[in-house]
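Biologist: Please show me the structure, and then I will ask how its descriptions are reached.

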Amino acid sequence: MTTASVGFDVIVVGAGIMGSCAAYAAASRGARVLLLERFDLLHHRGSSHGESRTIRATYTQPHYPAMVRLSARLWAETQDEAGYRVLTPTPHVDMGPRDEPALAAAIRNGGAAQVADTGSTWPWVGVFQVPDGWTAAVSEFGGVMKATKAVAMFQALAARKGAVVRDRAEVVHVIKRGEGSILVRTANGEEFHGAKCIITVGAWSTKLIKSVTGMDLPVQPLHTLICYWKAKPGHEHEITVEAGFPTFASYGVPYIYSTPAMEFPGLIKIAMHGGPPCDPDSRDWSMGGAALVEPVARWIDAVMPAHVETAGGPVIRQSCMYSMTPDEDFVIDYLGGEFGKDVVIGAGFSGHGFKMGPAVGRILAEMAMDGEARTAAEAGVDLSQLKIARFVNNPKGNLKDAADQL
Ligand SMILES: Cc1cc2nc3c(=O)[nH]c(=O)nc-3n(C[C@H](O)[C@H](O)[C@H](O)COP(=O)(O)OP(=O)(O)OC[C@H]3O[C@@H](n4cnc5c(N)ncnc54)[C@H](O)[C@@H]3O)c2cc1C
């Protein structure tokens with residue numbers, strides 16, 4: 001029997017972190033699952049590849065900390081099941097201008113402890129030269145996830161539970177055949193039947209949803225760069241995970257984020273949030289170089305001058321894509337229209353979704369299989385801000401002012 005002639009309970013389109021977590025969550029419930037990926041598994045052309053992502057609960061928007069905490073529980077459970085770790089706990093630091101409302105909200109919502117005096121009393125005095133007028137807050141809830149390894153973990157566990165995982169299978173049509181009957185067709189003409197479908201195609205969301213429903217989903221692909229910088233001689237150990245160095249975020253313009261030295265000894269990842277718009281099907285891989293590197297170098301020279309070398313630029317640069325919504329909030333919803341509750345979409349993770357992958361996957365699977373996200377409700381996760389309808393006659397969605405971002 002071919003895969004195509006089998007009926008599935010759930011077909012998941014797109015095998016980044018979100019689709020892989022959704023496939024795992026559905027297969028864990030005993031559903032017959034098909035996970036379809038357009039490129040090779042674990043490819044570098046989307047958003048979920050690479051060495052590291054941060055986890056933090058300090059969020060400007062109050063609806064994310066509960067989802068982060070649900071995810072933290074699910075990360076732990078999944079690691080136990082796999083028998084290996086993908087998440088290394090670290091402290092997390094948020095810093096920025098004292099009068100920055102987004103920073104104040106993040107500290108409040110994430111329950112972080114504001115540092116009274118960054119000039120003398122906090123653990124990283126001497127590493128960060130926190131500018132006058134800035135504040136900083138430390139949260140014990142942080143960590144570094146091995147990104148590609150984590151995606152592979154969810155795919156492997158999904159397959160172990162019976163999910164069929166197929167790559168080099170580009171979905172071009174999702175068609176409603178009747179109540180609880182969805183036909184999925186690939187570019188090479190294969191057809192698959194599913195009772196439900198979950199679409200998690202990252203930066204391709206706008207294109208695929210437009211071709212399936214005609215709807216304009218405001219998810220803008222952005223080209224961005226991950227940069228690794230060299231520690232100055234003698235300071236290699238201080239900035240490592242082993243030395244207790246934190247992940248950190250610096251608010252203001254540019255918004256900077258970092259993970260401690262771990263994957264490449266002697267190198268620390270420091271990068272800026274955002275990047276220029278791009279077309280995921282015709283990317284200019286050299287795009288945005290100086291604009292994504294020079295502001296980071298200037299930030300390093302101002303805040304970490306003794307510890308990180310900027311002369312000669314970053315030692316390693318890796319390209320990645322964001323799928324950005326206008327308000328930087330996710331889209332988690334039923335497709336609606338003729339698809340009703342048979343097709344669920346998870347999109348627009350806006351450069352901060354990886355940490356919540358396990359929760360998003362569980363939510364999408366429950367929405368598809370049960371018609372509601374029970375686990376999210378029990379964990380106090382509010383999904384009402386993440387609906388497609390927020391963009392109807394309101395292109396900015398949940399955005400009220402700049403302080404609502406990040
Ligand atoms: C540089 C960078 C740093 C980041 N840092 C953090 C961080 O520190 N913390 C954090 O929480 N988040 C972070 N993020 C965000 C996080 O990585 C993303 O939100 C997340 O990876 C999005 O996953 P996804 O599954 O939606 O998209 P993707 O990983 O892109 O997966 C979508 C998949 O769908 C496939 N696909 C597309 N079209 C089709 C089709 N028609 N048929 C079949 N398959 C298809 C694609 O090939 C792709 O594999 C970062 C992102 C980047 C780029």
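Predicted model: local features only at pLDDT ≥ 70, side-chain atom pairs only at ≥ 80, totals over all residues.

Modeller: Residues are numbered from 1 along each chain as its sequence is written.

Biologist: How do you know that the ligand lies between domain 1 and domain 2?

Modeller: Both domain 1 (3–48 + 148–218 + 327–404) and domain 2 (89–144 + 220–324) give residues to the shell around the ligand, so the ligand lies between them. The domain bounds come from an automatic or database domain assignment. The ligand is surrounded by 35 residues, where a residue counts if its C-beta atom, placed from the backbone, lies within 6 Å. Among the closest are Gly14 and Gly353.

Biologist: Why is H2 called roughly perpendicular to H7?

Modeller: Helix H2 (residues 65–82) and helix H7 (residues 357–370) pack at about 95 degrees, with axes 7 Å apart. Angles of 65 to 115 degrees count as roughly perpendicular, under 35 as roughly parallel, over 145 as roughly antiparallel and the rest as oblique. The angle therefore makes H2 roughly perpendicular to H7.

Biologist: Which residues of H2 and H7 meet?

Modeller: Met67, Leu70, Ser71, Leu74, Trp75 and Thr78 in H2 meet Gly357, Pro358, Ala359 and Arg362 in H7; contact requires C-beta atoms, placed from the backbone, within 7 Å.

Biologist: What makes Gly178 exposed?

Modeller: Gly178, in strand E8 (residues 171–178), has 8 other C-beta atoms within 10 Å. With C-beta atoms placed from the backbone, 12 or fewer means exposed, 20 or more buried, and in between partly exposed. Gly178 is therefore exposed.

Definitions and conventions. Axes fitted to C-alpha atoms, helices over the stretch in contact; angles between N-to-C directions. Helix = DSSP H or I, 4+ residues; strand = E, 2+ residues; numbered from the N terminus. Contact = placed C-beta atoms within 7 Å.
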